[in-house]
Amino acid sequence: ANNGKEALDLLEENEDVKIIFMDVQMPILDGISATKIIKNDSKFKNIPIVAMTAYAFSEDKRKCLEAGMNDFISKPIDDFQLNELIVKYLKDDLQ
């Protein structure tokens with residue numbers, strides 16, 4: 001998705017989403033706002049959301065977690081760390 005609004009639309013169209021990697025800085029609807037909307041919807045509230053951002057300060061991480069995001073990964077994305085997050089949240093689906 002190019003923005004938070006598109007992310008919400010894609011989620012509504014696809015019931016098979018198992019994990020969401022949410023960019024925090026997006027046009028139209030930012031990742032924090034999109035996460036709050038997703039977590040307030042009973043259909044989607046249990047989907048893990050991982051924040052993806054270039055800002056790795058503790059205050060930024062706190063804002064993401066308070067919005068309902070489950071985890072945090074900093075840009076540039078490290079492949080090993082990304083894989084660890086996928087396994088962490090999808091381990092049951094990967095078996």
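Helix 1 buries Gly-4, Ala-7, Leu-8 and Leu-11. Seen down the axis of helix 1, those buried residues fall within an arc of 95 degrees, so they line one face of the helix. This is a predicted model, so keep that in mind as you read on.

**Helix 1**

- The buried residues of helix 1 pack against strand 1 and helix 2.
- An α-helix has 3.6 residues a turn, so residues three or four places apart point the same way.
- At the N-terminal end, helix 1 is capped by Asn-3. A side-chain oxygen of Asn-3 sits 2.9 Å from the backbone nitrogen of Lys-5.

**Helix 2**

- Helix 2 covers residues 31-39, and its buried residues are Gly-31, Ile-32, Ala-34, Thr-35, Ile-38 and Lys-39.
- Looking down the axis of helix 2, you'd find the buried residues within an arc of 160 degrees, so they line one face of the helix.
- What covers that buried set includes helix 1 (4-13), strand 1 (20-23), strand 2 (49-53) and helix 3 (58-67).
- Asp-30 does the capping at the N-terminal end of helix 2, with a side-chain oxygen 2.9 Å from the backbone nitrogen of Ile-32.

**The largest pocket**

- The largest pocket holds about 220 Å³ of space.
- Two elements, helix 1 and strand 1, each give two or more residues to the lining of the largest pocket.
- Strand 1 gives the most to that lining, with four residues.
- Among the lining residues are Ala-7, Leu-10 and Leu-11, along with Ile-20, Phe-21, Met-22 and Asp-23.
- Ala-1, Asn-14, Val-17, Met-26 and Ile-38 also line the largest pocket.
- Sorted by class, the lining has 10 nonpolar, one polar and one charged residues.
- Ala-7 and Leu-11 turn up among the buried residues of helix 1 and in the pocket lining. Ile-38 is likewise one of the buried residues of helix 2 and one of the lining residues.

- Ala-1 lies in the segment before helix 1.
- Ala-1 is exposed, with a relative accessible area of 60%, and exposed here means over 50%.
- Leaving out residues up to four places away in sequence, Ala-1 touches Glu-6, Ala-7 and Leu-10.
- Ala-1 and Gly-68 are 67 residues apart in sequence, and their C-alpha atoms are 19 Å apart in space.

**Ile-19, in a loop**

- You'll find Ile-19 in the loop between helix 1 and strand 1.
- Ile-19 counts as buried because its relative accessibility is 17%, and the cut-off for buried is under 20%.
- Not counting residues up to four places away in sequence, Ile-19 touches Ile-47, Pro-48, Val-50, Leu-85, Tyr-89 and Leu-90.
- Ile-19 and Tyr-89 are 70 residues apart in sequence, yet 7.4 Å apart in space, C-alpha to C-alpha.

**Thr-53, in a strand**

- Thr-53 belongs to strand 2.
- With 3% relative accessibility, Thr-53 counts as buried.
- Its contacts, not counting residues up to four places away in sequence, are Val-24, Phe-72, Ile-73, Ser-74 and Lys-75.

Notes. Residues are numbered from 1 along each chain as its sequence is written. This is a predicted model: local features need pLDDT of at least 70, side-chain atom pairs count only at pLDDT 80 or more; totals for chains, interfaces and linings use all residues. Side-chain values use heavy atoms; hydrogens and water are left out. Buried means under 20% relative accessible area, exposed over 50%, partly exposed in between (1.4 Å probe, protein chains only). The arc is that of the directions from the helix axis to the C-beta atoms. Contact means heavy atoms within 4.5 Å. A polar contact is a pair of N or O atoms within 3.5 Å; within protein, one must be able to donate a hydrogen and the other to accept it, and residues adjacent in sequence count only if both atoms are side-chain atoms. On a 1 Å grid over the protein atoms alone, a cavity is a set of points where a 1.4 Å probe fits but cannot get out, and a pocket is an open set with protein on both sides within 12 Å along at least five of seven lines; lining residues have an atom within 4 Å of a point. Grid points are joined across faces, edges and corners, and a volume is the space filled by probe spheres set on the points. Ala, Val, Leu, Ile, Met, Phe, Trp, Tyr, Cys and Pro count as nonpolar, Asp, Glu, Lys and Arg as charged, and the others, Gly among them, as polar.
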